[in-house]
Amino acid sequence: MGNTILTPDIILRKCLQVLHAKLNFIGSINRQYDSQFASTGGKIGESLRIRLPEKFTVTTGATLDVQDSAEQYTTLTCATRKHVGMNFTTQELTMSLDDFAERKIVPAMSVLASTIEADALNMVLDIYNMAGTTGTTPNDLAMFLNAKTKLNQYLAPRDDKRMALVDSATSAAMVGGLKSLFQDSGEISKQYREGIMGRSAGFTFAENDLLPTYTSGTRTGSITIDGAAPTGATINIKALGASTTIAAGEVFTIAGYYAVHPETKQPYSHLQQFVVTEAATGGYGGGANTTIAGLKISPTIVTSGAYQNVYGTPGSDAVVIFKGGADCGGAAASANPSTTYGQNICYHKDAFAFVSADLEMPNGVDFAARKVMDGISMRIVRQYDITNDQIPCRIDVLYGYKTIRPELACRVTR
């Protein structure tokens, strides 16, 4: 029996199946917003406004205290285009699907999947809660249980949508002693994704070597707040050493600012953690008095009301600790300057969002298709090149991503 000629629909369906299997991070986060980018007659352009859960305060007594609505939003932009270009001949289109997939589809989709996944995993550095010890690879569940505590404290839903994504170094250190715990084969069979290790400690564990690292800034010295009790999305710091860079993704605490329960606003016993969202370099003053003004941070510091996230009143010159030391807590010394640290991540599905949009279908080509699988829209287009007697083909994905609820995730450093 002759082989069936491969159509664009058949090829694209196989491409999406391979891509699906390789995206264990994107495949585990929120993708429910995709269709809004491509609704016929009502496309929303490149930006999607996502409503965040509204918060309220509770009043004691019989007197009504009506609160004004204070809804919050975040904006997700879908404007990143990635594609793989290749040439294949009409003869190759008479091959069996398995042969064609092995020679063309799997290599192309592997590199495309890695590129998209690595891009989306940059969201890990948006997360401000951190467990683990810098410079020490976790070799048991202790640090992941600490991360689980963070998720619980910040009210992440306690369901089967919690994931722990670890790199190979962490996986190798853990699996030898914990392999008997990863026994949920039913959960693995539901995923159909590469790297799934199993379920334990309330997380589905998966291995992913595309997780980002970050290199700490060159800052040294006993860093303090410049002023007292800062609020908002920026802070001023001083007393840095002569080398004054601070890297995006660095996590720190401010002495005197404690984390609070998101609903009752009662303080926890640990300091609130913050993350630097934009790299900065020290300015005026020079030497040991170097100051950085307007350091951008997350979360925004709110000291009262429904969106309060800290308790306390740090005095002038409150100490700033860039996280290092045991479990990134307490008054441990700042992490070493100019040092690269690996990052694992524990998260609930709703911490992150990924969207893809339908690309327009071109006219005048002999071979084209577009399909959506598991929230990812992919387009394939082929056109014969009579000049060179070749058939160039491109496979495109248009996508965007956003950390929408960072409190539902916790990094586990190493």
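Residues are numbered from 1 along each chain as its sequence is written, and side-chain values use heavy atoms, with hydrogens and water left out. Because the model is predicted, local features need pLDDT of at least 70 and side-chain atom pairs count only at pLDDT 80 or more, while totals for chains, interfaces and linings use all residues.

Helices (DSSP runs of H or I, at least four residues) and strands (runs of E, at least two) are numbered from the N terminus. The crossing of helix 1 and helix 2 is right-handed, the near helix being turned clockwise from the far one by less than a right angle. Contact (heavy atoms within 4.5 Å) involves Ile10, Ile11 and Lys14, among others, on helix 1, and residues including Phe100, Ile105 and Met109 on helix 2. By class, the contact residues of this pair are 13 nonpolar, one polar and three charged. Ala, Val, Leu, Ile, Met, Phe, Trp, Tyr, Cys and Pro count as nonpolar, Asp, Glu, Lys and Arg as charged, and the others, Gly among them, as polar.

Buried residues (under 20% relative accessible area, with exposed over 50% and partly exposed in between; 1.4 Å probe, protein chains only) of helix 1 include Pro8, Leu12 and His20. In helix 3, residues 142-153, the buried set includes Met143, Phe144 and Lys150. Just after helix 3, Leu155 takes a positive phi of about 65 degrees.

His348 lies in strand 18, residues 340-348, and is buried, with a relative accessible area of 1%. Leaving aside neighbours within four places in sequence, contacts of His348 include Leu151, Asp159, Arg162 and Leu408.

Asp226 is placed in the loop between strand 9 (224-225) and strand 10 (232-240). Its relative accessibility is 32%, so Asp226 counts as partly exposed. Asp226 and Ile237 are 11 residues apart in sequence and 4.8 Å apart, C-alpha to C-alpha.

Key
The expected span of a helix is 1.5 Å times one less than its number of residues.
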